Amino acid sequence: MTAFKENKFTAENLQKSNLRHSDIFVELPVTIHNSHLLTSYLHQIPTTAPKQELDLPPSLAALLASPLSNPPMNTPNFDNLSLNIDPFLEKNCDLLLESIETHHTENNNFQYYQRALAREQTKIAAWQAKRKAENVSRAQLKQPLLAEDEWQRLFKLPQEPSRLESMLNTCQAEQYSRQIDGFVAATTGKMFGIKGNLVPDNQS
């Protein structure tokens with residue numbers, strides 16, 4: 001909060017304060033679950049209107065003991081045959097690419113600032129060397145010396161851009177990477193399987 005109030009997110013201040021994006025955001029775990037009544041209702045939704053009264057389980061234990069809740073291991077899962085990529089994974093990949101582009105933009109802006117700062121510092125150093133040489137000559141001639149801090153009025157150093165946006169963008173990219181890592185396993189195996197069946201061996 002102190003850094004945010006002062007609005008000083010320069011590279012030097014971030015190194016001194018050792019501030020990271022993990023110190024700004026606090027992750028709160030959220031657990032979402034259905035109630036037992038809703039779970040029982042979902043398991044008992046019929047495909048057609050029943051002609052007789054349903055035999056509802058009297059308790060959660062009876063519901064879990066039902067063979068419908070624990071299908072055998074050899075039950076076919078036709079969802080695995082779908083070739084569509086998970087929309088959640090696709091969306092996170094797009095967001096990750098946008099974060100990478102934003103990171104490159106912020107990095108280019110900071111590099112431009114560093115180049116501009118180096119040019120101005122070179123000009124200042126040359127001016128100071130020239131002024132010192134003039135003062136040496138004036139001292140030999142017993143003339144009043146010129147001010148050596150006049151460069152502060154003649155030259156204007158570029159303002160360092162805030163590194164806050166870059167740090168927050170890094171946090172976003174890390175979060176998208178974690179989400180992709182959690183969903184990419186099944187999709188990657190499916191894509192390799194498709195490639196192995198469609199692409200000839202001499203072109204793979």
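From the N terminus on, the elements of the protein run α-α-α-α-α-α-α. The secondary structure comes to seven helices and zero strands, where helices (H or I, at least four residues) and strands (E, at least two) are DSSP runs, numbered from the N terminus. The model is predicted: local features need pLDDT of at least 70, side-chain atom pairs count only at pLDDT 80 or more, and totals for chains, interfaces and linings use all residues. Residues are numbered from 1 along each chain as its sequence is written, and side-chain values use heavy atoms, with hydrogens and water left out.

Of the 204 residues of the protein, 15% count as buried. Buried means under 20% relative accessible area, exposed means over 50%, and partly exposed is in between (1.4 Å probe, protein chains only).

Helix 5 covers residues 87–140, which is 54 residues. The expected span of a helix is 1.5 Å times one less than its number of residues. For helix 5 this gives 80 Å, and the end C-alpha atoms are 80 Å apart, so the two values agree.

Several residues of helix 5 can be looked at in turn. Glu 98 is placed in helix 5 and is partly exposed, because its relative accessible area is 47%. Glu 98 also belongs to a negative surface patch, formed with Glu 90, Asp 94 and Glu 101. Patches are made of residues with over 30% relative accessible area and no salt bridge; like charges are joined within 9 Å, and nonpolar side chains (Val, Leu, Ile, Met, Phe, Trp, Tyr) within 5 Å. For the charges, Lys and Arg count as positive and Asp and Glu as negative, while His and the chain ends are not counted. The place of a charge is taken as NZ of Lys, CZ of Arg, CG of Asp or CD of Glu.

Tyr 113 lies in helix 5 too. Is Tyr 113 buried or exposed? Tyr 113 counts as buried, because its relative accessibility is 12%. The C-alpha atoms of Tyr 113 and Gln 159 are separated by 7.8 Å, although the two residues are 46 apart along the chain.

Arg 131 and Glu 134 both lie in helix 5, three residues apart, about one turn of the helix. They form a salt bridge, with the closest N and O atoms 3.4 Å apart. A salt bridge is a side-chain nitrogen of Lys or Arg within 4 Å of a carboxyl oxygen of Asp or Glu, and by this rule the count comes to five salt bridges. Arg 131 is buried, because its relative accessible area is 11%, whereas Glu 134 counts as partly exposed at 30% relative accessibility.

Helix 5 is followed by Lys 142, whose phi is positive, near 60 degrees. Most residues other than glycine have a negative phi. Lys 142 has its positive phi although it is not a glycine. The residue is placed in the loop between helix 5 and helix 6, and Lys 142 is exposed, because its relative accessible area is 78%.

Helix 6 covers residues 151–154 and includes Gln 152. At 54% relative accessibility, Gln 152 counts as exposed. Another salt bridge joins Glu 150 and Arg 153, with the closest N and O atoms 2.5 Å apart. Glu 150 is partly exposed, with a relative accessible area of 25%, and Arg 153 counts as exposed at 62%.

Helix 7 covers residues 164–198 and holds both Arg 178 and Glu 174, four residues apart, about one turn of the helix. Arg 178 forms a salt bridge with Glu 174, the closest N and O atoms being 2.8 Å apart. Arg 178 is partly exposed at 48% relative accessible area, and Glu 174 also counts as partly exposed, at 29%. Elsewhere, salt bridges that share partners join Arg 131, Glu 134, Glu 150 and Arg 153 into one network.

Accessible areas come from the Shrake-Rupley method with a 1.4 Å probe, and for residues only the protein chains shown count as cover. Leu 42 lies in helix 3, residues 36–43, and is partly exposed, because its relative accessible area is 44%.
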